[in-house]
Amino acid sequence: MLNLQKLQAVNGLQGQIQVPGDKSITHRALMIGAVAQGTTILRNFATGEDCQTTSKALKDLGVHMEQNQQALIIHGQGFAGLRQPFHTLQMNNSGTTTRLLLGLLAGSNFKARLNGDDSLKRRPMARVSQPLAQLGADITTNQGYLPLVIEGQSLKSTTIQLKVASAQVKSAIILAALQAQGTTKIQELLPTRNHTELMLQQFGANLVTDATNQTITVDSTGTLVGQPINVPGDISSAAFFLVAAAITPHSKITIKNVGLNPTRTKILTVLKQMGARIAITPHTAPGEPRGDVSIQTSHLQPIQLTESDIPALIDELPLLALLAAHADGVSQINGAQELRFKESDRLKTVAQELQKLGVVIQELPDGWIIDGTKKKHIQDVHLDSHGDHRIGMMLIIAALNSDAPLTLNNEAAIAISYPRFLTTLKKLLGARL
Ligand SMILES: O=C(O)C1=C[C@@H](OP(=O)(O)O)[C@@H](O)[C@H](O)C1
Ligand SMILES: C=C(OP(=O)(O)O)C(=O)O
């Protein structure tokens, strides 16, 4: 149990920090590096538990990797270099590992069994096994959930219309399409993060995107060649501190080297729309866009968001609820039903935990209504992450401005994406470590 009373922001948040490398990009670099030919050198990669789950699974599949102080070196031997694992592949808490790996293994010449922790076992896998089956994949799920068995098949290309706006599902299909005979067309429901597409283009895949039609065309004729990848800071991790500074008096912070891929930056747009004093200085480096982001304490206006706004800030929505609780008016978020399928049912857990803090928040089937003008007294000092890293970190930020004796249960979940979160937060608070 974490004592949150020790983490009060008495003098605001100040200073300059960096956040860990992007989790989504790290998962992809590990997997694509593993099936490319030659050496992939990965710098500034995410070291949280989810990405360790990916590297462990790849090692279990026979991929050779070594780590020195600055870089992870992956010795890829093509798709044909993957080997049947000796035991069940453990997906732990990571949805991205599970779903992308299914795409990677769909065209192999062996069988693998995948399982996960209790949270992951509650998350839907039919959304990925069904479209992969259209390419000829053979996946037997436990009624749409883990554990599952995948038996590699020779795959045939086709056209696939995605039924959910999910970068994980899209990426799984793209990774399978690289192994399918012919040309696969994927039609997205809404644009989602495009790190898989950008990285595969860098590695030499034959992949074309059409932003106007939201289609991706993948041909298996390209050859993937190992690449150097310098991962930008994770905007989804940076967001905790951006929101903390915006809502905490006397704050002014800068986060260096944050990933600024437009499919991920909606939180910055929304902060601006809400009136946050934010400045972005882009870098000119090649590869994924990145830059420095500065923010100060701000007077916030309410916001309305609908379905098309959601994918580009999907993981920041718990934080957005907290921002809305500090805005001068009533905010409404709709079209966010995907939050029910994350590490926890985030629509429910966010409402439940913020209500403990006296926030006036109503859970809707697909979002929330949050009245920032009507704060009640603290209802319960015992907060809970529900084993969900993003809920845990959001609650720590929510508690910064309270002098109540608050505690956080299940705080260990933070290590899923950000093991050093508290160290960095304490640095910004000026606290002794
Ligand atoms: O592709 C990815 O790396 C991710 C996609 C999103 O999930 P969905 O694809 O399920 O929306 C996001 O919530 C997750 O944290 C990471
Ligand atoms: C949903 C998340 O991750 P995953 O789906 O990979 O478990 C997340 O990091 O918020």
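The shell around ligand 1 is made up of two nonpolar, seven polar and three charged residues. In this count Ala, Val, Leu, Ile, Met, Phe, Trp, Tyr, Cys and Pro are nonpolar, Asp, Glu, Lys and Arg are charged, and the others, Gly among them, are polar. The model is predicted: local features need pLDDT of at least 70, side-chain atom pairs count only at pLDDT 80 or more, and totals for chains, interfaces and linings use all residues. Residues are numbered from 1 along each chain as its sequence is written, while chains are lettered from A and ligands numbered from 1 in the order in which they are written.

Surrounding ligand 1 are S24, H27, G95, T96, S166, A167, Q168, S171, R193, I314, D315 and E338, where a residue is near a molecule if its C-beta atom, placed from the backbone, lies within 6 Å of it. Two or more of these residues come from each of α1 (23-35), α3 (95-105) and α6 (167-177). The largest share, three residues, belongs to α6. Helices (H or I, at least four residues) and strands (E, at least two) are DSSP runs, numbered from the N terminus.

The protein is assigned domain 1 (2-21 + 232-429) and domain 2 (23-222), with bounds from an automatic or database domain assignment. Ligand 1 lies between the two domains because both give residues to its shell.

D315 is listed by UniProt for "active site" in an unreviewed entry; such annotations may be inferred rather than shown by experiment. D315 sits in the loop between β18 (304-305) and α10 (317-325).
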